[in-house]
Every structure is written in structure tokens, then in C-alpha cells.
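Thanks, everyone. Have the structure open on your screens while I talk. I'll go from definitions to helix packing, then to the core and a few single residues.

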Amino acid sequence: MDKKHGMIIAIIGTTFWGLSGVAAQAVLAAVSSLWLVGLRLLLAGVLLLIWAACTGTDIWAIFKTWHTTGRLFVFAILGMVPSQLCYFLAIHYGNAATATVLQFLGPLFIIATVAVETKTMPRRIDLISMAVALLGTVLLVTEGNFTHLSLAPLAVFWGVLAGASQASYTLVPRKLLRAFDAKIVVGWSMVIGSVLFWPTLLLTPWPLYQPRLLLDVAFIVVFGTMLAYLLYLGSLRALSPQTVGMISACEPLSATLFSWLLLGTTLAPAALLGGALVICTVFLQALPVRKVHLRA
């Protein structure tokens, strides 16, 4: 996979995330965050493993060494579960648009983590992209009124934690993805992570009776979870974690756009400008970095 195709699938995956946030906003009015997260992880994980098995992939290969098994459990517990749970809690206490915007603080943690890990300063283009993206997200949230922010404290808290967890699920599985099919890595991490929510799933009566809610849950599981994670993590084969993290700017943009189209949320001119700035980060990351050679 080349860089161009990696960027395309990363954009599609993060857009699916944004759409799933809009669907989750409707579902969370009828169910708890714990129930939806548990069901989402379990069903999507099982579907991915079935898909992998049907294509002839050995889905048990990842458990053949303690090293890969340990990495898988770390990814599931420290990456997959926090990213899911914190995001849905942010939607529950706020809304889909603000939750995805706050989650976009993730690239800050990714760039900082990579800088510490490699003991190097972030590239200039990373810093520029980050500044543009942050300005865009601020405009989306404030609609240009920088003295007023109508967000519940718990929505901000869980949204920031969701952003921080992006560093874990972007950086931790890199070595696993080099050795195993992405469907196996994502599928098992979801199934393992769902175990924490099994008591809630078993003790809670099935709360979905309306066809619209069932369709929303199906979309969240198939497109907003299974395919979104598969595309996002698959793009790591061709792109750096910093680039993939910045492309996730499409998530808050798509969540805001489809909140307007499907839920009737109005967008102020400043919010539209913020969305345009967020989109610009994708193109900034695609620019070639020219190396300057200084003469002695």
C-alpha cells in the first residue's frame, strides 16, 4: 500500500467514526454508554474474526507467543476500551460534534509521544498542521465567540481523555500490524475489551425496540466500529502515526456536518471556517517536505 491509498482509507475510516458519533447521540438517549460500548466491541470484534477466518487467515496465530499476546492485551485494555468508552461518555454528557472535536486533541498526544519516544523534535509541518487544526476545532466549538463555551464539565473531561487514548491505539499496535492481519489485531482487541462490559450486557434487558434505533446500532457496529478501525489501523502500514493522527481531523468535520444534515444542528459562519481549517490539515500533511542542505 502506498501513501496515497493509505491517506484515502484513513479519511474514509475517520469519516465513519464521525458518522457513528451522530448515530450514537440518538441511541444514547435510550441506552447506557456501558451497554452500547460493550455491544459495539463484542459484535464488531466477532464479525472481524469471522471475516478473517473466512479468508483463510489463522486467527489464533497472534496468541502463539507471550510477547504478541501481551501487546494485544495492552492495546485492548489501554487503547481500544478507553477510546470507545470516553468518546461515548463525552457524547452522553455533550453531543456528537463537541465530543469529536475534543477527541481531536489526540494528535497532540501522538506527536508528543513520538517526540519523546524518538528523542526528536516534531517536524515543522506537524506543528503547523497542529496549530491550524486546533484553531479550526476552537472555531467549531465556540462559533467565533471566544469568551463563551457551552460545554458541560464532564463532556470536556471525557472528551479530553478520549483524545489522549488516541495515542495508545495509534502507537501501540504498530508492531502487531507488521506481523498480523489488521482484522485479527482489531477483532481480538475488541473481543478482549468487551469482556469488561459483559456483566452490563448480561444484566441489562434488551433496550432496543424501534427499527430506527436498531439501524443506528447496526451502523455503529459495522461501519462506525468494524470498518472504521480496520481502515484507520490499516493505514498505519503506509503512513506515520503523526500523519494518521492529523488525518483524523475528518472525524470532527464529518460529525459536525452530518449533525447539521441529519439532526438539524445549525452552523455559524465561524464554524464553517473552522471546518475548512480542519480539512486543510489533511492537505498540509500531504505536502512533500523539502530537505534543505546547508553548504559547509
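One definition before anything else: a contact here means heavy atoms within 4.5 Å. And a caution: this is a predicted model.

Now the overall picture. The protein chain has 14 helices and zero strands. Read from the N terminus, the order of elements is α-α-α-α-α-α-α-α-α-α-α-α-α-α. There are 296 residues in the protein chain, and 51% of them count as buried.

On to helix packing. Two numbers describe a packed pair, the angle between the axes and the distance between them.

Start with helix 2 and helix 11. Their axes come within 9 Å and cross at roughly 60°. That angle makes helix 2 oblique to helix 11. The crossing is right-handed. Which residues meet there? From helix 2 we have Leu-36, Leu-39, Arg-40, Leu-43, Ala-44, Leu-47, Leu-48 and Trp-51. Helix 11 answers with Val-217, Ile-220, Val-221, Val-222, Gly-224, Thr-225, Met-226, Leu-227 and Leu-230. By class, this contact of helix 2 with helix 11 holds 14 nonpolar residues, two polar and one charged.

Helix 2 also packs on helix 3. Here the angle is about 140°, and the axes are 10 Å apart. Is the pair oblique or roughly antiparallel? Roughly antiparallel needs an angle over 145 degrees. Helix 2 and helix 3 are therefore oblique to each other. Helix 2 passes helix 3 in a right-handed crossing. On the helix 2 side, the contact uses Ser-33, Leu-34, Leu-36, Val-37, Arg-40 and Leu-41. On the helix 3 side, look for Met-80, Val-81, Gln-84, Leu-85, Phe-88, Leu-89 and His-92. The class count for the contact of helix 2 with helix 3 is nine nonpolar, three polar and one charged.

Helix 1 brings Trp-17, Gly-21, Ala-24 and Gln-25, while helix 3 brings Tyr-87, Phe-88 and Ile-91.

Next, the core. The largest nonpolar core has 64 residues. Which of them touch the most other members? Leu-36, Ile-62, Phe-88, Trp-188, Met-190 and Leu-233. Elements giving two or more residues are helix 1 (3-27), helix 2 (33-54), helix 3 (66-93), helix 8 (174-179), helix 9 (182-194), helix 11 (211-234) and helix 12 (241-247). Helix 3 gives the most, with 12 residues.

Zoom in on Leu-36. We have met Leu-36 in the contact with helix 11 and in the contact with helix 3. Leave aside neighbours within four places in sequence, and Leu-36 is in contact with Ala-24, Val-27, Leu-28, Val-31, Phe-88, Val-217 and Ile-220.

Gly-187 sits in helix 9. With a relative accessible area of 0%, Gly-187 is buried. Not counting residues up to four places away in sequence, Gly-187 touches Gly-45, Leu-48, Leu-49 and Ala-182. Gly-187 and Ile-59 are 128 residues apart along the chain, yet their C-alpha atoms are separated by 9.3 Å.

Thr-100 is in helix 4, residues 96-103. Thr-100 is also buried, at a relative accessible area of 0%. Beyond its neighbours within four places in sequence, Thr-100 is in contact with Tyr-87, Glu-251, Pro-252 and Ala-255. From Thr-100 to Ser-248 is 148 residues in sequence and 9.8 Å in space, C-alpha to C-alpha.

Where is Ser-235? In the loop between helix 11 and helix 12. Buried or exposed? Ser-235 counts as buried, at 0% relative accessibility. Apart from residues up to four places away in sequence, Ser-235 touches Gly-6, Ile-9, Ala-10 and Val-244.

That's my tour. Over to you.

Technical notes: Residues numbered from 1 in each chain as written. Predicted model: local features only at pLDDT ≥ 70, side-chain atom pairs only at ≥ 80, totals over all residues. Heavy atoms only, no water. Core = buried A, V, L, I, M, F, W, Y, C linked by side-chain atoms within 4.5 Å. Buried < 20%, exposed > 50% of the residue type's maximum accessible area, 1.4 Å probe, protein only. Helix = DSSP H or I, 4+ residues; strand = E, 2+ residues; numbered from the N terminus. Axes fitted to C-alpha atoms, helices over the stretch in contact; angles between N-to-C directions. Parallel < 35°, antiparallel > 145°, perpendicular 65-115°, else oblique. Left-handed = near helix turned anticlockwise from the far one by under 90°. Nonpolar A, V, L, I, M, F, W, Y, C, P; charged D, E, K, R; others polar.
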